Amino acid sequence: MNLTKKELETEVRVGIDTGGTFTDCVLWRTGEEPIVVKVPSTPSNPAEAIINGLERLCLQAGIPFAAVHFLVHGTTVATNAMLQEQWGKVGLITTKGFRDSLEIGTQMRPELYQLHQRKLPPIVPRNLRMEVSERMDPQGQIVQELDREEVYQVINEMISHDIESLAVSFLFSYANPEHERMVRETAAAINPELYVCISSEVSPEFREYPRTQTTVMNGALAPVVRRYIQYLRKELIAKGIDDKRLNIMQSNGGIVSGKEAEVSSHHLLLSGPAGGIVAAAEMANQAGFPNALTFDMGGTSSDIGLIVDGQPHIIQGTTINNAYPIQVPTMDIHTIGAGGGSIAWKDQGGVMKVGPKSAGAIPGPACYGKGGVEPTVTDANLFLGRLDPDHYLDGDFNIYPENSYQALEKLAKELDLDVERVASGILEVTNANMAGALRVVSSRRGHDPRDFVLIAFGGAGPLHATALARELGIQKVVIPASPGVLCAQGLLQSDIRHDFTHTEVAALELADSSRIESNFIELETRGTHLLYDEGMSPDRMEMQRSIDLRYKGQEYYLNVPIQGEISADLLHLAAERFHVVHKNTYGHAAPEEPVEMVNLRISAIGKIRRFENSLQAHPEAVISTCVPIKHRPVYFNGNGWVSTPIYRRGDLRIEWEIQGPVIVTQMDTTIIVEPGQKIHTDLFGNLIISMEG
């Protein structure tokens, strides 16, 4: 389709975040207000919802698909495959004698004091774990040459088992990748279509077990992720959006091209929620709240994050399904199975529980009228007057209060309680679960939640945020302008990012500065080439250096950012910073102890140009009056049913203060302000709720 001159001159970007219940879509274009739509997710084929969302965005914008210059997608495909263990059939080739490393694992236990541990089986069964003769020493010197004939035989045997991908992890390959590359070359000669990942590229760090586990995880997810991205790319091309415009969000808060995402599936495990924290951090900095807890509640789960000094907290590794460690930079996100679709039920002891099972998008909560018959958090909120049955999603989505009542009534009879008590109890249980999750990333990390604001987003986050703040002693809740689609907005505020690691274990005071500088430059060169291939100009490239440090004799390390050319003085400064970070993290430090360097890290950042009006409020568009559109009874714990004014968010004047109880509605969420609290809108369009009226 031919584009007009105006369409060619106007930059159009689209962010699409796939959730368990809804797929959130945002379209930004130069000099105009963003367009927002929510469409039901299609779990059987998430790409369908993406195309549906794109069609609605382009229709509202009055543009063809081909006018979209830049599309960023936050996907749950890798997340769901991991959680449901529905990954591809992967084989593993490793050094002779180390076939059972995945089986042996470590002494770490999911439940420290549980006598009867439930150990999850390895991702790769033993018949698909094979050995070859080869050996490197810790310095990368070849001790035993790779037996090529043996490699040829092992790969053919693997292929005979119909594997979908192959992972290769040799001892000390992070120091010398030669043998792993030779295996990949041999596999390509035998079967060019077979996906092969090698640990020296997936996770070039020391520690054999997590390095192997990370490589295997990538190999297991790759078939699922590659099929999805390739299908999505094909559908987009058919609509006029070429594959160079497709980008995918990573767990580290940066984006990569769709083609790059296909070969780095392990970087997509937290693709969806990462976008929300990126947007929340940018919004928090603008609004003057550098320290914040983020609370993203959707239909299926809730994601909790941490922002300190204006930056999302990044960790260098995490554990999947409470069993599989992976070494990959990841936003520090804690996820629990508590969302609007979480189902309330009675356990064997007669106690009401909520979640983790969810009604999801299909059949959804009972009130959706799609076949759901079990009571959910959304049904409880609807019954208690917190949601408007006549204007759900601005009236674009029909809901049925009578279905909610029937589902709640059934559970009430099982528990021998009245419906009102069951509905309020569902919210109490849900809030208790989420308050515990907030403590995991705050007080259990050494941070007092009372020193933070709570940024609430997601379709259901603002419904529960004030109750959580009250529970944790947080004084302010911040609701962004478009909380229901903040993750999608964050996708469009995320920079391109590639992370590189080089393991170098040495006493910091004896480290060779010139050698370290040389290694950093080599990592930066690789990052520059990747960014250049993705169309980034040098003036938009940024290299962020950091070093992993530990006290000599410690097992684990902490990451310390550094700036400038490596010198003895800079390394000394890094050691001083490490003591401070150790004190903040663990509550103690030992400045007299020698510090050891473990890994060098580079984050290669390609800066994306921001739209100047992306987060700003527009006073000229704010209505001068501030009156409620109606009143309705709303149930508040401790106060019972209260006649509550209902406001449209677009009617709230900047800096106009309103005393609770109040409900504020908008297309993508509903905001609850409890009795005794007060609200006002700041200059950036954020709604600020103060706990003390």
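The model is predicted: local features need pLDDT of at least 70, side-chain atom pairs count only at pLDDT 80 or more, and totals for chains, interfaces and linings use all residues. Residues are numbered from 1 along each chain as its sequence is written, and side-chain values use heavy atoms, with hydrogens and water left out.

**Nonpolar cores**
- The largest nonpolar core has 76 residues. Such a core is a set of buried Ala, Val, Leu, Ile, Met, Phe, Trp, Tyr and Cys residues joined through side-chain atoms within 4.5 Å. Buried means under 20% relative accessible area, exposed over 50%, and partly exposed in between (1.4 Å probe, protein chains only).
- Leu54, Ile93 and Leu166 have the most contacts inside this core.
- Helix H8 (residues 208-239) supplies the largest share of the core, 12 residues. Helices (H or I, at least four residues) and strands (E, at least two) are DSSP runs, numbered from the N terminus.
- A second, separate core has 61 residues, including Ala284, Ile333, Ile566 and Phe578.
- Beyond four places in sequence, Ile93 touches residues including Met130, Val154, Leu166, Phe170 and Val183. Contact means heavy atoms within 4.5 Å.

**Strand E4**
- Strand E4 (residues 70-74) is largely enclosed by the rest of the structure, because five of its five residues are buried.
- Phe70, Val72 and Gly74 lie on one side, Leu71 and His73 on the other, and both faces are covered.
- E4 pairs with strand E1 (residues 12-18) in the parallel sense over five bridges. Pairing requires that DSSP finds at least two bridges between two strands.
- Gly74 in E4 is the bridge partner of Asp17.
- Three bridges join E4 to strand E11 (residues 246-249), again in parallel. Here Leu71 stands opposite Leu246.

**Helices H3 and H8**
- Helix H3 (residues 77-84) packs on H8 at about 145°, with axes 9 Å apart. Axes are lines fitted to C-alpha atoms, for helices over the stretch in contact, and angles run from 0 to 180 degrees between N-to-C directions.
- Val77, Ala78, Ala81 and Met82 in H3 meet Leu221, Val224, Val225 and Tyr228 in H8.

**Ser546**
- Ser546 is found in strand E26 (residues 541-551).
- Ser546 is buried, with a relative accessible area of 10%.
- Leaving aside neighbours within four places in sequence, Ser546 is in contact with residues including Phe520, Asn559, Ile562 and Arg601.
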